[in-house]
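Thanks for making the time this morning.

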Amino acid sequence: MIALFVNYKSLSDGQLMEHVHRKDDEKAFAELYRRYARLLQGFFFRRLGGDEEKALDHMQDTFLKVWSSRRNYSDGQPFRTWIFTIAYNLCKNTYRQYRHEQAYLDSLPAEEPAAEDNTPLQLDAATFDSALQQELSLLNEAQQMLFELRFTQELTVPEIAAIIAIPEGTVKSRLNTLTNYLRLKLKDYE
């Protein structure tokens with residue numbers, strides 16, 4: 001009996017997903033998990049307020065969705081775009097849930113605000129990162145997601161357009177507006 005050996009590490013993401021899609025190949029799925037688990041966990045960690053447990057849960061949910069939706073995968077479709085579309089949709093659902101929770105919390109009596117810290121600014125990378133995170137937290141969810149997909153996950157404009165389901169020109173326009181806004185807000189750090 002001749003055993004066929006498949007070197008999964010040498011296969012592209014698309015080829016691995018074809019094995020998963022057509023043959024229910026768990027080893028191919030495990031290789032995709034190895035390649036994307038940390039990336040997705042970091043994506044969710046940043047998108048869900050730095051909560052490691054939620055990030056891990058959402059990453060696992062993404063892979064459960066990949067497995068359960070494997071028959072919906074179209075051969076030749078970029079896997080990276082497909083999996084980030086799933087992750088993006090999970091974030092949108094979570095944001096909807098957060099809005100409902102926030103509406104409830106807003107209805108509760110407010111606590112007194114904490115005193116401001118007037119520590120002198122130190123213009124270094126840590127201070128810039130902090131200022132950037134502050135500015136990003138003031139953006140709406142769509143702008144934060146756009147920043148995350150382009151600058152943190154380093155997805156291309158066509159990939160982002162496919163994930164968010166908007167034209168590439170709109171992605172470019174929104175990225176231009178976003179980067180100009182951030183450049184203006186962070187000009188003290190140039």
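This is a predicted model: local features need pLDDT of at least 70, side-chain atom pairs count only at pLDDT 80 or more; totals for chains, interfaces and linings use all residues.

Let me begin with the term pocket: on a 1 Å grid over the protein atoms alone, a pocket is an open set of points with protein on both sides within 12 Å along at least five of seven lines, and its lining residues have an atom within 4 Å of a point.

Residues are numbered from 1 along each chain as its sequence is written, and side-chain values use heavy atoms, with hydrogens and water left out.

Back to the pocket, whose lining consists of 16 residues, with Arg46, Arg47, Gln133, Leu136 and Gln144 nearest the centre. Two or more lining residues come from each of α2, α4, α5 and α6, and α6 gives the largest share, five residues. Helices here are DSSP runs of H or I with at least four residues, strands are runs of E with at least two, and both are numbered from the N terminus. The lining divides into seven nonpolar, five polar and four charged residues, where Ala, Val, Leu, Ile, Met, Phe, Trp, Tyr, Cys and Pro count as nonpolar, Asp, Glu, Lys and Arg as charged, and the others, Gly among them, as polar.

As for the fold, the protein chain has eight helices and zero strands. Of its 190 residues, 37% count as buried, buried being under 20% relative accessible area, exposed over 50% and partly exposed in between, with a 1.4 Å probe and protein chains only.

What holds the interior? A nonpolar core is a set of buried Ala, Val, Leu, Ile, Met, Phe, Trp, Tyr and Cys residues joined through side-chain atoms within 4.5 Å, and in the largest one, with 49 residues, Leu40, Phe44, Phe79 and Leu149 touch the most other members. The largest share of this core, ten residues, is supplied by α4. If we set aside neighbours within four places in sequence, Leu40 is in contact (heavy atoms within 4.5 Å) with Met59, Thr62, Phe63, Ile83, Phe84 and Ala87.

Turning to the aromatic rings, those of Phe, Tyr and Trp (its six-membered ring) pair if their centres lie within 6.5 Å, with planes under 30 degrees apart counted as stacked, over 60 as edge-to-face and the rest as tilted. Tyr36 is buried at 5% relative accessibility, and Phe79 is buried at 2%. Tyr73 and Trp82 also form an edge-to-face pair, at 5.2 Å and 70°, and both of these residues are buried.

Finally, two backbone details. Asp24, in the loop between α1 and α2, has a positive phi of about 50° although it is not a glycine, and Ala165, in the loop between α7 and α8, has a positive phi of about 65°.

Key:
On a 1 Å grid over the protein atoms alone, a cavity is a set of points where a 1.4 Å probe fits but cannot get out, and a pocket is an open set with protein on both sides within 12 Å along at least five of seven lines; lining residues have an atom within 4 Å of a point.
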